[in-house]
Amino acid sequence: MSLDTNILDEISYSRPSIKFCSLFNGLSPLWDYSLHRHPYMELIYRKKGFGKTELLDNTQNFIFFDTIVYPVNCWHQDKFEASEDNEAYCLWLDIPCVPLDKPLQVQDHSGKLEFLFRCIYEEYQKPSASSSLLSLLTRTLLTQILLFGEETEPSVVERVIQYLHIHMTERISLDELASVFFSSKSYLMKHFKQDTGKTIIEYLNGLRIDTAKMLLVTTSKSIEEVSYAIGYESPKYFSRVFKSITGMTPSGFCRENRQFQNQCE
């Protein structure tokens with residue numbers, strides 16, 4: 001869809017009506033895994049997870065932070081393992097004045113769309129939800145989605161970086177990253193190094209150690225507790241990585257911050 005002033009005017013003067021709004025994961029009975037369609041425009045925000053959706057004429061791959069907008073009566077079928085690892089906001093809108101003849105997919109690389117979906121969801125759940133506020137938020141959401149649709153999509157490396165920031169406390173493997181981003185390990189490793197100057201493991205360790213330094217001086221967690229909190233299974237390995245990056249041991253780092261020394265013993 002080409003964004004023009006006519007579409008913006010149509011959204012501005014529209015009065016969208018919300019027919020359904022919910023947040024649920026892949027285990028919820030609300031998630032329809034059959035081939036289906038809706039008599040309304042459907043907006044899906046992928047808060048967690050990844051997978052694919054079969055359309056009548058093609059397949060859409062998606063990952064977390066993707067927003068997909070389906071036109072009225074667009075046939076589609078989600079195909080991924082039903083689990084808590086997939087979570088999404090789902091919004092059905094009756095807004096006939098906005099033309100959409102094919103699905104639109106955009107990546108929320110700034111967090112703006114998640115914020116708007118969350119605001120709409122939280123307001124919609126209130127017993128005395130404001131229809132005026134919901135209308136305003138919905139029109140703002142549609143406008144922002146269309147604006148994102150005009151932007152250049154983030155590269156796979158930018159998406160990997162975003163994924164590492166979100167999941168850095170979890171066990172992450174190159175095989176997992178290749179699966180999530182529908183790529184090969186060699187491709188990811190090569191382009192990540194080219195774009196960042198670091199390997200994926202080096203970047204992940206840097207994120208974890210930066211978080212560890214903050215935890216060591218602002219919380220009462222022990223070195224062992226910090227190690228587990230940031231995703232390391234071995235405190236000894238954590239200490240080796242910490243020293244290789246900072247030039248000192250975790251305990252030495254604590255001693256340099258004397259006001260927090262007692263909590264780090």
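Colleague: How many residues lie between E3 and E4 in their hairpin?

Modeller: This is a predicted model, where local features need pLDDT of at least 70, side-chain atom pairs count only at pLDDT 80 or more, and totals for chains, interfaces and linings use all residues. Residues are numbered from 1 along each chain as its sequence is written, and side-chain values use heavy atoms, leaving out hydrogens and water. Strands here are DSSP runs of E, at least two residues, and helices are runs of H or I, at least four, numbered from the N terminus. Between E3 and E4 the hairpin has 3 residues.

Colleague: What is the strand order of the open sheet of 3 strands?

Modeller: Strands pair if DSSP finds at least two bridges between them. E4 (59–63) and E6 are the edge strands, and each pairs on one side only. The pairing is antiparallel, and the order is E4-E3-E6.

Colleague: By how many degrees are neighbouring strands of this sheet turned against each other on average?

Modeller: Axes are lines fitted to C-alpha atoms, for helices over the stretch in contact; angles run from 0 to 180 degrees between N-to-C directions. For this sheet, direction is ignored. The average is 25°.

Colleague: How many bridges join E3 to E4?

Modeller: The two strands run antiparallel. Thr53 stands opposite Gln60 in E4. The bridges joining E3 to E4 number 5.

Colleague: Which residue in E6 is the bridge partner of Leu55?

Modeller: E3 (residues 50–55) pairs with E6 in the antiparallel sense over 4 bridges. Lys52 stands opposite Lys79 in E6, and Glu54 stands opposite Gln77. For Leu55, the partner is His76.

Colleague: Which residues make up the uncovered face of E6?

Modeller: E6 covers residues 76–79. His76 and Asp78 form the covered face. The uncovered face is Gln77 and Lys79.

Colleague: Which residues form the uncovered face of E3?

Modeller: Gly51, Thr53 and Leu55 make up the covered face of E3. The uncovered one is Phe50, Lys52 and Glu54.

Colleague: What percentage of the residues of the protein count as buried?

Modeller: The protein has 10 helices and 8 strands. Buried means under 20% relative accessible area, exposed over 50%, partly exposed in between, with a 1.4 Å probe and protein chains only. Of the 265 residues, the buried share is 44%.

Colleague: Among contacts between residues at least 6 apart in sequence, what percentage join residues at least 24 apart?

Modeller: Contact means heavy atoms within 4.5 Å. The C-alpha trace spans about 65 × 45 × 40 Å along its principal axes. Among those contacts, the share is 73%.
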